[in-house]
Amino acid sequence: MKFTHFKSMSPECDSGSRPIKDLSPMLAILVPRVHRFSKPAEQMLRNYGLWERKRDEATWDEADKMAAEKKVKGILFDFDNTLVPTRLANKHALDKIIEILAQYYTQKDAEQIAQKYKNLILLKPSDPTGRIKPDIWRIGLLERLLKAKGNLSTKYKPSPTELYNIWNETRQEKLVIDEETTALLQELKTYYRVGVVTNGDSTIQREKLTKAGVYPLIQTIVIGGEQPKPKPYPSIFQTACALLNVPPHNCVVVGDNLHTDIQGGLNLGVLATVWVNYNFRKIKHTDPKPHYIINSVLELPKVLEKLSKQKITSF
C-alpha cells in the first residue's frame, strides 16, 4: 500500500483538512503492527506525532506475551525452618531430654546422649531400607545410646519409648506456624496457587504438617519420601507445579536451604528463587546463588512486588 497521497498533509494543514484525532483511527488501520515501516509511512506518522506510538505498538503483542510468561502464578514453600522453626523446636526437645536424663546420669553424660541422638537423627532420620517404621527406628537409636552408657543409677529410668514420646511431644509444641505467617499464607492464597515441597519421611513430615495446621493454608503438599527423588532434583518441583497447574516459569521457590530449595528451583528453571536467610549466613562462592535473599518469610511480599514490576525482565 502506498502512502504518497498523505505526503502533503501536516499538523499545520488548513482548516478544511481533517483534524489529527479524526485521522488516528484510519492510520491505525492503514499502518499495521509491524517492526519495520516504509519511509513514507514513517514520515506520515512523524508528521502527526504518532510515530512513537506506532513504534511502541509494534512490540505490544510481544511484550504482553513476555509479561504473561514471567508473571508469578504459583509459590512453592519449603516447610522446615521456612514456615516453622524446626531447629528451635529440636533444641527445645533436646533440652527437655537432657533435663530428664540428668536425673539418672551425670550432666555431662546426659548432654552427650542428647547430642549423639541429635547427630544420629540428622544423619539417618529414618530406616534407609524403609522396613522399620520411623518411630520404632528413632526409639531404637535412643535404646542403643542408653545401653552404651550403662546403668549409672539405681533409680527408675524412663524407657527409650517414653523418652522418645517426650522428645516428640515437646518438639511438636514449637512446630507451629505463627499468626503472622498464617495471615501471610492466607493472603497469598487469594492471589496465587500455593504449595509446600519438603524432604523427609512421609509419616514424620505429614505428622508435623498436620500438627502445624498447614493443610488449610495451601493447595498442595509434595513430600520427598513419597517421590522417586527428593529435593534438589527438579522432578519433585515439577510434580508440585503440575499439582498447582502452574508452569515452572510462573513459579517462585522459597526456602532456607541453598543446596536443596534454591538449587532445586534453579535446576527446574523457575521464575525466581528466594532464600530465607534467617540466621544471616554469608553465601560461599561454591553455594547456589538465589535470585532474592530475605531474612524472614514475612518479607516475601516485597519480593513479589519487585517481580510484578520486573515481570518481563530476564533473570
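1. Isoleucine 97 is in contact (heavy atoms within 4.5 Å) with Leu163, Ile166 and Trp167, its neighbours within four places in sequence being left aside. The model is predicted: local features need pLDDT of at least 70 and side-chain atom pairs count only at pLDDT 80 or more, while totals for chains, interfaces and linings use all residues. Residues are numbered from 1 along each chain as its sequence is written, and side-chain values use heavy atoms, with hydrogens and water left out.

2. Isoleucine 97 lies in helix H5, residues 86-101; helices are DSSP runs of H or I with at least four residues, numbered from the N terminus. With a relative accessibility of 4%, isoleucine 97 is buried, a term that denotes under 20% relative accessible area (1.4 Å probe, protein chains only). Its C-alpha atom is separated by 8.0 Å from that of alanine 110, 13 residues apart along the chain.

3. The 16 residues of H5 should span 22 Å at 1.5 Å a residue, and the end C-alpha atoms are 22 Å apart, which agrees. The expected span is 1.5 Å times one less than the number of residues in the helix.

4. Besides Ile97, the buried residues of H5 include Ala93, Leu94, Ile98 and Leu101. The buried residues of this helix pack against H6, H7 and helix H8 (160-174).

5. Serine 126 is placed in the loop between helix H6 (107-123) and helix H7 (134-149). Its relative accessible area is 19%, and serine 126 is therefore buried. Apart from neighbours within four places in sequence, serine 126 is in contact with Trp137 and Asp201.

Terms used: Helix = DSSP H or I, 4+ residues; strand = E, 2+ residues; numbered from the N terminus. Buried < 20%, exposed > 50% of the residue type's maximum accessible area, 1.4 Å probe, protein only.
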